[in-house]
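I opened the notebook to record what I looked up in this structure.

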Amino acid sequence: MSNENKKWFSLNLNRSKKTDSCGCGNNSGSCSDQKEKDGYDQIMDVPMDRRAAFKKITAGFLIGAGAVNSSCSVISGDESKEKANIEWEEYFKGNYKLMTNEEKDKTVDRLTRSYELRTGKNLSMSSKDAEEDVLFGYAFNISKCQGYMDCVNACVEENNQDRATEMQYIRIHEMDEGKGFNFEESDDNYYHEVPADGHFYMGTQCFHCDNPPCVEVCPVQATWKEKDGIVVIDYDWCIGCRYCMAACPYDGRRFNWKTPEVPEKEVNKKQHYLGNRLRKKGVMEKCTFCIQRSREGQNPACVEACPTGSRTFGNLLDPKSNIRWILDNKKVFRLKEDLGTEPKFWYYMD
Amino acid sequence: MTTKLILRLMAICLFVVSCKHEEKHKYHTVVDKIVAETIESENTTLTSEIYNEGIKTVTVNEDGYDFLIPERKSQIASYNCTECHTEPIENLKQHQLDEKAAHWNIKLVHASAETMNCATCHTSSDMDNLHSLTNSTIDFNYSYKVCSQCHQQEFKDWKGGAHGKQLGGWAPPRLSKTCVNCHNPHQPAFEKRWPVRFNTQKVKERK
């Protein structure tokens, strides 16, 4: 049973415990280097007895009487026991980067089950990994954008962003013609008929830099660049310090100052662990190139919603893709190229 | 014991740092990476075929670009034209002035009257097809051939993928909208309209 291989401590309420010679589940030979250190273990990597004791003590402090009480109580129902169990396991799970596929599946199961327990509705969550030979890139045609903002709407709906604070990943900047890219003088919250005379429009969002400064500064490695180039956040590992927000030169990251709320019937049920699953208060979030869509071969919601065709998305490694043709044939540029962040988001004009 | 632990930690740190270093400096720029890792052909397992389901398509093959566009004829409400146009246009002229003429809703706002009129694209001798400037027949499904006679730069960009819009997904096979899927050929310009949303919170925050 994989319980013994788990990288965090379980309550083990209804299960019998099997003991091995050591905690790694490997009976033969030395086990010191074979186990990937993760989460708790990264800090608590001490011999078995002390570790177990430590875990139990800390867990006792952290969760306190609450979870243990409800999960061990004879009076409370199976459902609340399950809830407490899920909460417990979720609390002590490892960093997503270090999870095995089995562990990923389990946390996804727990999250979907917990949603079901809370709302009675089912969602489909995926933890699909990056595809081989795929590197995502994005191109934006400044000549074509008319400032209609259909992309913003589509993004909010797709990615379950908080409605009350009107969180938006995409910003559309209305720029004065003749003043160039002057973000200080541009207006990203206009409301009048568009396109307005004498103005042009450009969108910004997370550029999924190939050399992302936000990843560099994260003290807990809760954000990283995936193999297909998408910069993601583990919402359960993020401590909300907002270093990444400060490090991003493009204003690509957003912070949840309150618990994000989405009306039940508007919740996008097709979710990805690293993408649009429901977030909590005090964590960062941002554009993920709609990871739940792009890893299935679909275009991000903004690309699909754009009525002008300003937005192009695709595989940079596929020489036949539209995005590659744009890079090879149009005069493209990126924002703040001199910073060396290597954004995978190119602008071009007709 | 403590020294051993510190040494082990240092070794791990070094290992981690060196790994990071290697990965970071493998390519100087992302363009170098793209060039170096470009794949021969589309050998990804992903396909956007399921997203293209339900869209009737025709294949475009122009100058080495192969892709799909939506089929057009079945989408035109009154096609075939010859279902009504059974007799010469002269005989179909308005009988009374208060009667609505056929195609009353079509207003031509496309180039100047000196450059274009109905007969630039349509011909009375072959209603069911379009025709080119040199009077060769163009199928309604391939109407981009009519447009590309003047809009050469747009045509070039469209073939490559810089103009227009991809349907379905990014994964192959490529299915792109054709000219008339976005532009009304009789009034091709986009109209002004209001943005679909206004962020009231941003206004408050920035006060």
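Conventions. I worked on a predicted model, in which local features need pLDDT of at least 70, side-chain atom pairs count only at pLDDT 80 or more, and totals for chains, interfaces and linings use all residues. Residues are numbered from 1 along each chain as its sequence is written, while chains are lettered from A and ligands numbered from 1 in the order in which they are written.

Entry on helix α4(A). I took helices (H or I, at least four residues) and strands (E, at least two) as DSSP runs, numbered from the N terminus. α4 of chain A covers residues 101–119, 19 residues in all, and its first and last C-alpha are 27 Å apart. That is close to the expected 27 Å at 1.5 Å a residue, where the expected span is 1.5 Å times one less than the number of residues.

I then looked up burial (buried: 20 or more other C-beta atoms within 10 Å of a residue's own; exposed: 12 or fewer; partly exposed in between; C-beta atoms placed from the backbone). Glu103(A), Thr107(A) and Leu111(A) are buried in α4(A). They lie on the same side of α4(A) because they cover an arc of only 80° around the axis, the arc being that of the directions from the helix axis to the C-beta atoms. The face turned away from that buried side carries exposed Asn101(A), Glu102(A), Asp105(A), Asp109(A) and Glu116(A). I noted β1 (124–126) of chain A as one of the elements covering the buried residues.

Entry on the sheet. I found 3 strands of chain A in an open sheet, ordered β10-β2-β11, with mixed pairing; two strands pair if DSSP finds at least two bridges between them. β10 (311–315) and β11 (345–348) of chain A are the edge strands, each pairing on one side only. I recorded 5 bridges between β10(A) and β2 (residues 136–141) of chain A, which run antiparallel. Phe140(A) stands opposite Arg311(A) in β10(A).

Entry on chain B. I counted 8 helices and 6 strands in chain B. From the N terminus, the elements of chain B run α-α-α-β-β-α-β-β-α-α-β-β-α-α. Of its 207 residues, 15% count as buried. Among contacts in chain B (C-beta atoms, placed from the backbone, within 7 Å) between residues at least 6 apart in sequence, 53% join residues at least 24 apart.

Methods. Contact = placed C-beta atoms within 7 Å.
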